[in-house]
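Visitor: I am new to reading protein structures. Could you take me through one, feature by feature?

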Amino acid sequence: MSLAAGTDLSLLIRKLETIITVSDVERQAIERLPVTRRQLSAHQDIVRDGDHPKQCCLLLEGWAFRYKLLDEGKRQILSVHIPGDIPDLQSLHLPVMDHSLSTLTACTLAFIPHEAMLDLTRNHPGITAALWRDTLVDAAIFREWMTNIGRRSTLGRITHLFCEIYLKLHAMGLARDFACEMPLTQGDIADAIGVSNVHVNRVLQELRGQGLLTLQGQRLVIHDWDALTNRAEFDPAYLHQKRPPGP
Amino acid sequence: MTLSLQPVRIRTESSDEEGQLVMAEGLLVAILIQLSADHGAEAGHWFLEVGFGNLGYPRPAPFLDLTDALAWITTQAGQRSS
């Protein structure tokens, strides 16, 4: 555990810049946030269902996911998070966690005390609006996941998830040329889209066979973006990205 | 409860094709399918492709062999649905 350098918070600024134009004053206020940097290994809970957190975390490196556990160990993955996200931001105003947050890969996190975050939002309405907007986009993503799980085929669900993750990474400058890191295992994908591992494996073979994408060694390569978005019925409007979508 | 099997080929649009209809006293209760070589370490295992009634949930992991699959179906079918 160590104090984070101001450069860590530049990731939060970069994230907010995908939403708003950040002024110099706002930038300085963010860089003054007192944060504590921690490294966690893969598959470690960051915060658990029922916890009353006093801080929230900015993801600096690695991927994380929100989830709920059902009886008999069944797990539903609720969302996937990449560097620049604050996946437990809602704990700022909702005192009890109603789900858990875990690392997917080894992660570096910057923990920001709620009090400091509240001060920032009290004093900088532009930042408050950006965080609010980010929360609304989060809700839009949940609506899309609900549609995905409820009404799309397994192939539609997987391709939609890949399109979404690629565009989120691309917006943060973490992916380009239709290729990105993909640390989700087949089991993780199955738990995110509500099907069995067997069905995920079948669809990945089919997608590979059709030449749409390759998923190998934790790397996703999209060979035909237009065909993939067509198969997924993917309309990026729900991501509300400031820059025009597209790789 | 007595289970009986009836071999069947299934169109899954994948290399998994060899299946078994599982009947319990004349009623179709489940469809099992043997996983192909495309499934790596689980190749040859039996997957519950479809379970009817209370065999629909929870979805079990693929079974090592048909004996294990039928034992699970017998236990599960004997329980009231929750």
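Guide: Start with a single residue. A:Asp177 sits in the loop between H5 and strand S9 (179-181) of chain A. Keep in mind that this is a predicted model.

Visitor: What is the phi of A:Asp177?

Guide: It is positive, about 55°, although A:Asp177 is not a glycine.

Visitor: Is A:Asp177 buried or exposed?

Guide: Count the C-beta atoms around it. A:Asp177 has 9 other C-beta atoms within 10 Å, so it is exposed.

Visitor: Which residue of chain B has a positive phi although it is not a glycine?

Guide: Look at B:Glu25, with a phi of about 50°. Its place is the loop between S2 and S3 of chain B. B:Glu25 has 9 C-beta neighbours inside 10 Å, so it counts as exposed.

Visitor: What about peptide bonds? Which residues does a cis peptide bond join in chain B?

Guide: Read the omega angle. The cis bond joins B:Tyr57 and B:Pro58, with omega about -5°. B:Pro58 belongs to the loop between S4 and H1 of chain B.

Visitor: Now the sheets. In what order do the strands of the chain B sheet run?

Guide: Go from strand to strand across the sheet. The order is S1-S2-S3-S4, in an open sheet of 4 strands with antiparallel pairing. S1 and strand S4 (46-51) of chain B have a single partner strand each, so one side of each has no neighbour in the sheet. From one strand to the next, the twist averages 30°.

Visitor: What packs on this sheet?

Guide: Helix H1 (residues 66-77) of chain B does. It touches S1, S2, strand S3 (27-34) and S4 of chain B. The direction of this helix makes about 150° with that of S3(B).

Visitor: How many bridges join S1(B) to strand S2 of chain B?

Guide: There are 7, and the two strands, residues 3-9 and residues 18-24, run antiparallel. To see the pairing, find residues that face each other. B:Gln6 stands opposite B:Leu21 in S2(B), and B:Val8 stands opposite B:Gly19 in S2(B).

Visitor: Where do the side chains of a strand point?

Guide: In a regular strand they alternate between the two faces of the sheet.

Visitor: How many of the 7 residues of strand S1 of chain B are buried?

Guide: The number is 0, so this strand lies largely in the open. A residue needs 20 or more other C-beta atoms within 10 Å to be buried.

Visitor: Which strands make up an open sheet of 4 strands in chain A?

Guide: They are S3-S7-S5-S6 in order, with antiparallel pairing. Strand S3 (45-47) and S6 of chain A are the edge strands, each pairing on one side only. Neighbouring strands are turned by 35° against each other on average, direction ignored. S3(A) pairs with strand S7 (residues 100-103) of chain A over 2 bridges, in the antiparallel sense. There A:Val47 stands opposite A:Leu101 in S7(A).

Visitor: Now the whole chain. Which domains does the assignment give for chain A?

Guide: It gives domain 1 (2-138) and domain 2 (153-239). Their C-alpha centres lie 24 Å apart. The contact takes 14 residues from domain 1 of chain A and 12 residues from domain 2. On the domain 1 side, helix H1 (6-17) and strand S6 (75-81) of chain A each supply at least two residues. S6(A) gives the most to that side, with 4 residues. The domain 1 side divides into 7 nonpolar, 4 polar and 3 charged residues.

Visitor: Which residues touch the most other members of the largest nonpolar core?

Guide: Among them are A:Cys57, A:Leu59, A:Leu109 and A:Tyr166, in a core of 55 residues. Helix H5 (residues 154-171) of chain A gives the largest share, 8 residues. Domain 1 and domain 2 of chain A both give residues, so this core lies between them. Take A:Leu109 as a case: it touches residues including A:Arg38, A:Ile46 and A:Leu60, not counting those up to four places away in sequence. Apart from this core lies another, of 15 residues, including A:Val198 and B:Phe47.

Visitor: How many residues of chain B are in contact with chain A?

Guide: The count is 11, in contact with 8 residues of chain A. The chain B side divides into 4 nonpolar, 3 polar and 4 charged residues.

Notes:
Residues are numbered from 1 along each chain as its sequence is written. Chains are lettered from A and ligands numbered from 1 in the order in which they are written. This is a predicted model: local features need pLDDT of at least 70, side-chain atom pairs count only at pLDDT 80 or more; totals for chains, interfaces and linings use all residues. A nonpolar core is a set of buried Ala, Val, Leu, Ile, Met, Phe, Trp, Tyr and Cys residues joined through C-beta atoms within 7 Å. A residue is buried if 20 or more other C-beta atoms lie within 10 Å of its own, exposed if 12 or fewer, and partly exposed in between; C-beta atoms are placed from the backbone. Domain bounds come from an automatic or database domain assignment. Two residues are in contact if their C-beta atoms, placed from the backbone, lie within 7 Å. Ala, Val, Leu, Ile, Met, Phe, Trp, Tyr, Cys and Pro count as nonpolar, Asp, Glu, Lys and Arg as charged, and the others, Gly among them, as polar. Two strands pair if DSSP finds at least two bridges between them. Axes are lines fitted to C-alpha atoms, for helices over the stretch in contact, and angles run from 0 to 180 degrees between N-to-C directions.
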